[in-house]
Amino acid sequence: MSSLLAGLNEQQLAAVTLPPQHALILAGAGSGKTRVLTTRIAWLISTGQASPQGILAVTFTNKAAREMITRLSAMLPINPRGMWIGTFHGLCNRMLRAHHRDAALPQTFQILDSQDQLAAIKRLLKTLNADDEKFPPRNLQHFINHHKEQAQRAAQVEAWDDYNRRCVELYAAYDEQCQREGVVDFAELLLRSYELLQRNQLLREHYQYRFRHILIDEFQDTNVLQYRWIGLLA
């Protein structure tokens, strides 16, 4: 145990060994936040306060997630690759794969990156004979993603003029196209996972019971949808 905590300064040690409670850790760039988060996980497991399966750790980049897994491999005599450590998108993808039927998705659903999504929107506009000068694909992409990140489906978006009303209609048509084709964009991974937990009480309670400790890196950068997703799990 002493080797696990060796090299931590007073503030880092206090953060790592906090009792199980809600905590907000404020620290500047280069102060060792990722190290503290990783050591906290190792400390919880080593002291028997948590099992590897009972921890959810969220990062904002794949690089940070890989770094945490690598560090945990060196700290603990376990294989951490089965643990729920990853980005919001990666963790939501994992959840949707595990519960694809409940999420109304094919098991082999494909993920659209930003360029794939833009191409899908251009194809939609062409199919509907929509004016892509009046409704530029990139603007429509931003419109769709913005509202998804606010946890809003097309039916929940308020349209205050004819232009926005048409954007809402195109958003709905885009969702229908994606559903037919068995594809999801990045924002949809989060929104679909959020909706799955929101409407499925048994599944929500399963994950709430499983994840006894939730640790989030760069919490200040969470958007509305990410915050609500975490809220359902907590």
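How much space lies in the second largest pocket? About 280 Å³.

## Ground rules

This is a predicted model, where local features need pLDDT of at least 70, side-chain atom pairs count only at pLDDT 80 or more, and totals for chains, interfaces and linings use all residues. Residues are numbered from 1 along each chain as its sequence is written, and side-chain values use heavy atoms, with hydrogens and water left out.

A pocket here is an open set of points on a 1 Å grid over the protein atoms alone, where a 1.4 Å probe fits, with protein on both sides within 12 Å along at least five of seven lines; lining residues have an atom within 4 Å of a point. Points are joined across faces, edges and corners, and volume is the space filled by probe spheres set on them.

## The largest pocket

This one holds about 1200 Å³ of space. It has 37 lining residues, and Ala 23, Leu 24, Ile 214, Leu 215 and Ile 216 are the closest to its centre.

The lining splits into 21 nonpolar, 11 polar and five charged residues. Nonpolar means Ala, Val, Leu, Ile, Met, Phe, Trp, Tyr, Cys and Pro; charged means Asp, Glu, Lys and Arg; the others, Gly among them, are polar.

## The second largest pocket

Here 20 residues form the lining, with His 89, Phe 186, Ala 187, Leu 190 and Gln 226 nearest the centre. By class, six are nonpolar, 11 polar and three charged.

Why does this pocket lie between domain 1 (3-104 + 199-233) and domain 2 (110-181)? Because both domains give residues to its lining (their bounds come from an automatic or database domain assignment).
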